[in-house]
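Thanks for making time, everyone. Let me put the structure up, and then I'll walk you through a few parts of it.

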Amino acid sequence: MRMLLAALVCCALPGSPALAQTPPPETVFTAVAPCRALLTPTKIPANTSRLVQIVGSGLASQGGPAAGCGVPASATAVAMSFTAYGASTPGYLTAYAAGAARPGVTTVSYPVNGAATAGTIVQLGDQGRISLFAAKDVTVAGDVTGYYAPKLFAFVAKNGTLYRGNRVTAVIRPTYAKYSVFFDRNIDNCVAHVTSEYAPYFMSAQVTGDKVDVYTYDKTGTASEYYFYLSVNC
């Protein structure tokens, strides 16, 4: 839990809140404890591809945890380590986004009856999945070590309406001049920063779990409602 207090200088009120500028949704990396997302129950046959689920839960059928590896639906790519073993003929494995054309690159080359491991970044494709292409029949294990997703931010109207945002699951206004902004991941170890484009004021942001509570005040310290921009850095 963190508390951040910020004060602004006066700015001109824009003609329309919808025209307020926000930064582009930069992609940021979030590390996760190494998580075995897959262990192919049977060998991938030579010259074929196999779909693997990465986002969300329900990975047990592919040798991963039923609860998933903590990769949110907003993720665009994952950092993974692949181990290929048990091949009867030397070959190579290519990991790529599901639904995309297979690139002419090698993720890991594997020997006969041995094991080879390599790490890479894989774009996520249809339904948060990747494809694994095996040049020769092989068993594959894959561990997720992190993911890339747009930056966490929200631009919120004084009535609690979300105008723009990334990875925001809900915004509520439980009481006057208090707003609760929920994101798609736990942000306890992150820092929230809140600003506005309007009049001189004070704001505070308190992080708990997947939520940021924002409190807005005027320059006298009286609770007052304003449009605000919230960013979260992890």
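Okay, so I'll begin with cysteines, and for that we need one definition: here, a disulfide is a pair of cysteine sulfur atoms within 2.5 Å. Keep in mind as we go that this is a predicted model.

How many disulfides do we get by that rule? The count comes to two. If you number the bonded cysteines along the chain, the pattern reads 1-2, 3-4.

Let's take them one by one. In one of them, Cys-35 is bonded to Cys-69, with 2.0 Å between the sulfur atoms. The torsion about that S-S bond is -70°, and the link is left-handed. Now look at where the two ends sit: Cys-35 is in strand E2, residues 27-39, while Cys-69 is in the loop between strand E3 (48-53) and strand E4 (77-85), so the bond ties together parts that are 34 residues apart in sequence. Both ends are tucked away, if you check them in turn. Cys-35 is buried at 13% relative accessibility, and Cys-69 is buried at 8%.

The other disulfide is between Cys-190 and Cys-234, with an S to S distance of 1.9 Å. Here the torsion about the S-S bond is about 105°, so this disulfide is right-handed. It links distant parts of the chain as well: Cys-190 belongs to the loop between E13 and strand E14 (191-195), and Cys-234 to the segment after E17, 44 residues apart. And which end of this one is buried, and which is exposed? Cys-190 is the buried one, at 1% relative accessible area, whereas Cys-234 is exposed at 57%.

Right, on to the sheet. Please find the four strands that run in the order E11-E10-E17-E14; they form an open sheet, and the pairing is antiparallel. E11 and E14 are the edge strands, each pairing on one side only. On average, neighbouring strands in this sheet are turned by 10° against each other, if you ignore direction.

Let's zoom in on E10, residues 152-156. Five of its five residues are buried, so this strand is largely enclosed by the rest of the structure. What about the side chains? In a regular strand they alternate between the two faces of the sheet. In E10, Leu-152, Ala-154 and Val-156 point one way, and Phe-153 and Phe-155 point the other way.

So who are the neighbours of E10? On one side there's E17, residues 228-233, joined to E10 by five bridges and running antiparallel to it. Phe-155, for example, has Tyr-229 of E17 as its bridge partner. Then there's E11, residues 162-166, which pairs with E10 over four bridges, again in the antiparallel sense. Across that pairing, Ala-154 stands opposite Gly-165, and Phe-153 has Asn-166 as its bridge partner. E10 and E11 make a hairpin with five residues between the strands, and in that hairpin Gly-160 takes a positive phi near 95°.

That brings me to backbone angles. Most residues other than glycine have a negative phi. With that in mind, have a look at Arg-167, where phi is positive, near 65°. You'll find Arg-167 in the loop between E11 and strand E12 (168-175). Is Arg-167 buried or exposed? At 9% relative accessibility, Arg-167 counts as buried.

Further along, Ala-177 also has a positive phi near 65°. Ala-177 is in the loop between E12 and strand E13 (178-183), and with a relative accessible area of 3% this residue is buried.

At 0% relative accessibility, Thr-216 counts as buried. What does Thr-216 touch? Leaving out residues up to four places away in sequence, the contacts include Ala-177, Tyr-179, Phe-202 and Met-203, and also Thr-222 through to Tyr-226, with Ala-223, Ser-224 and Glu-225 among them. With Ser-224 there's a polar contact too: the side chain of Thr-216 reaches the backbone oxygen of Ser-224 at 2.4 Å.

That's my tour; over to you for questions.

Notes:
Residues numbered from 1 in each chain as written. Predicted model: local features only at pLDDT ≥ 70, side-chain atom pairs only at ≥ 80, totals over all residues. Heavy atoms only, no water. Buried < 20%, exposed > 50% of the residue type's maximum accessible area, 1.4 Å probe, protein only. Pairing = 2+ DSSP bridges. Polar contact = N/O pair within 3.5 Å; in protein donor to acceptor, adjacent residues only side chain to side chain. Contact = heavy atoms within 4.5 Å. Axes fitted to C-alpha atoms, helices over the stretch in contact; angles between N-to-C directions.
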